[in-house]
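Keep the structure in view while reading the paragraphs that follow.

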Amino acid sequence: LTNVQSSEPLLRVSALSNLADICSLMKFSFAAVQNEIVSLLKHVVQSDPDTQARQAAVTVIKQLFKGLDRDTVQVLGDSLLQLYRILKHVESTDPDLLTRTHAQAALGELDSVMREYLFPAPSFTKKISVLN
């Protein structure tokens with residue numbers, strides 16, 4: 001996390017890329033560092049002058065949604081709304097087209113996760129037991 005605040009843009013992008021990989025694997029362990037990572041991502045997206053760093057921060061959010069999948073709501077809790085607002089802000093205000101496209105993809109990932117959470121696929125199994 002320290003390298004995300006480096007003065008070297010390439011190092012920031014690399015650190016964010018690594019963070020994306022880690023976040024996609026953390027599952028329920030993410031809750032311990034959730035506030036720190038969300039505030040860091042918000043800072044990068046809103047104030048980093050480097051386009052690639054902003055793109056990488058949005059990718060971290062997308063990978064987080066992808067990695068948590070159906071557990072997104074349980075693990076993220078209150079941070080989910082904050083991440084949603086960050087993505088909507090990027091989608092509507094970022095000067096870079098590719099960064100806005102990454103934000104749209106992350107919002108699409110969140111949409112599919114929420115649809116699966118709210119409307120789970122029906123299970124058509126029936127338990128049959130034999131009586132003696």
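Helix α3 is followed by Asp-69, a residue whose phi is positive, near 50°. Most residues other than glycine have a negative phi. Asp-69 has its positive phi although it is not a glycine. The residue sits in the loop between α3 and α4. With a relative accessible area of 31%, Asp-69 is partly exposed. This value, like the others here, comes from a predicted model.

Helix α3 has 18 residues, and the distance from its first C-alpha to its last is 26 Å, close to the 26 Å expected at 1.5 Å a residue. Its buried residues are Ala-53, Arg-54, Gln-55, Ala-56, Ala-57, Val-58, Val-60, Ile-61, Leu-64, Phe-65, Gly-67 and Leu-68. What do these buried residues pack against? Their partners are α1, α2, α4, α5 and α6.

Two packed helices are described by the angle between their axes and the distance between the axes. For α1 and α3 the angle is about 5°, and the axes are 8 Å apart. Angles under 35 degrees count as roughly parallel, and α1 and α3 are therefore roughly parallel to each other. On the α1 side, the residues that meet α3 are Arg-12, Val-13, Leu-16, Leu-19, Ala-20, Cys-23 and Ser-24. On the α3 side, the residues include Gln-52, Ala-53, Ala-56, Val-60 and Leu-64. Leaving aside its neighbours within four places in sequence, Gln-63 is in contact with Ala-20 and Ser-24. The C-alpha atoms of Gln-63 and Leu-1 are separated by 16 Å, with the two residues 62 residues apart along the chain.

Next comes α2, which has 14 residues and reaches 20 Å from its first C-alpha to its last, close to the 20 Å expected at 1.5 Å a residue. In this helix Gln-34, Ile-37, Val-38, Leu-40, Leu-41, Val-44 and Val-45 are buried. Seen down the axis of α2, these buried residues fall within an arc of 160°, so they line one face of the helix. They pack against α1, α3, α4 and α5.

The loop between α2 and α3 holds Asp-48. Is Asp-48 buried or exposed? Its relative accessibility is 10%, and buried means under 20%, so Asp-48 counts as buried. Not counting residues up to four places away in sequence, Asp-48 touches Arg-12, His-43, Ala-53 and Arg-54.

Helix α5 can be checked by its length. At 1.5 Å a residue, its 15 residues (79-93) should span 21 Å, and its end C-alpha atoms are 21 Å apart, which agrees. The buried residues of α5 are Ser-79, Leu-80, Leu-83, Ile-86, Leu-87 and Val-90. Seen down the axis of α5, they fall within an arc of 125°, so they line one face of the helix. The face turned away from this buried side carries the exposed residues Arg-85 and Ser-92. On the buried side, the residues of α5 pack against α2, α3, α4 and α6.

Ser-79 is buried, with a relative accessible area of 4%. Leaving aside its neighbours within four places in sequence, Ser-79 is in contact with Gln-34, Asn-35 and Val-38. Ala-31, in the loop between α1 and α2, is partly exposed, with a relative accessible area of 45%. The C-alpha atoms of Ala-31 and Ser-79 are separated by 10.0 Å, and the two residues are 48 residues apart along the chain.

Notes:
Residues numbered from 1 in each chain as written. Predicted model: local features only at pLDDT ≥ 70, side-chain atom pairs only at ≥ 80, totals over all residues. Heavy atoms only, no water. Helix = DSSP H or I, 4+ residues; strand = E, 2+ residues; numbered from the N terminus. Expected span 1.5 Å × (residues − 1). Buried < 20%, exposed > 50% of the residue type's maximum accessible area, 1.4 Å probe, protein only. Arc of directions from axis to C-beta. Contact = heavy atoms within 4.5 Å. Axes fitted to C-alpha atoms, helices over the stretch in contact; angles between N-to-C directions. Parallel < 35°, antiparallel > 145°, perpendicular 65-115°, else oblique.
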